[in-house]
Amino acid sequence: MKKVLFIILFTFSFLFICSDSCGKNPCEGFIKDEYYSFISNEIKGTNLDSILPFAILLTENTSLDPNAKSKPNRNGSVDLGLFQINSLNLEYFEEMFWNGSNFDIMNWQHNSVVAVGYINHLYNRFDGDLEK
């Protein structure tokens with residue numbers, strides 16, 4: 001898993017460096033512009049490297065299907081939506097990272113807000129150390 005994440009981060013680092021100055025979607029062809037713009041906006045104001053949530057997204061949901069639902073895990077939970085958020089954590093995620101009403105984990109925007117919030121929480125908790 002660490003090797004896959006490293007390869008994805010390295011690839012996206014190169015793409016972001018090459019296209020960051022022109023304001024284009026460096027993930028074009030991989031991630032819809034709509035997803036890229038929304039998620040990038042959510043990343044603003046966090047401590048996250050702008051690449052990290054996209055690398056996690058492409059690792060967790062390679063088809064980028066916003067309606068993805070995994071087969072049941074060993075504990076009976078399922079992973080849901082664009083960022084494949086585990087169903088056991090829905091109440092926690094809604095309470096901690098959702099500011100609106102009518103939270104819907106299968107809404108790709110709601111899913112993205114919660115995912116970026118949680119990734120940022122973990123990033124801060126472990127002082128940006130991706131190895132922990």
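Trainee: Where does Asp127 lie relative to helix H5 (108-125)?

Mentor: Asp127 lies in the segment after that helix. Bear in mind that this is a predicted model.

Trainee: Is Asp127 buried or exposed?

Mentor: Exposed means over 50% relative accessible area. Asp127 counts as exposed because its relative accessibility is 68%.

Trainee: What is the phi of Asp127?

Mentor: Start with the general idea. Most residues other than glycine have a negative phi. Now the case here. Asp127 is not a glycine, yet its phi is positive, at about 55 degrees.

Trainee: Which value does phi take at Gln84?

Mentor: Gln84 is also a residue other than glycine, and its phi is positive, near 55 degrees.

Trainee: Where is Gln84 found, and is Gln84 buried or exposed?

Mentor: Gln84 sits in the loop that runs between strand S1 (79-80) and strand S2 (85-86). Buried means under 20% relative accessible area. Gln84 has 13%, so it counts as buried.

Trainee: Now Pro53. Which helix holds Pro53?

Mentor: Pro53 belongs to helix H3, which covers residues 52-60.

Trainee: Why does Pro53 count as buried?

Mentor: Because its relative accessibility is 0%, and the cut-off for buried is under 20%.

Trainee: Which residues is Pro53 in contact with, leaving aside neighbours within four places in sequence?

Mentor: Contact means heavy atoms within 4.5 Å. On that basis, Pro53 touches Ile39, Ile43, Leu48, Phe83, Val116 and Ile119.

Key. Residues numbered from 1 in each chain as written. Predicted model: local features only at pLDDT ≥ 70, side-chain atom pairs only at ≥ 80, totals over all residues. Heavy atoms only, no water. Helix = DSSP H or I, 4+ residues; strand = E, 2+ residues; numbered from the N terminus. Buried < 20%, exposed > 50% of the residue type's maximum accessible area, 1.4 Å probe, protein only.
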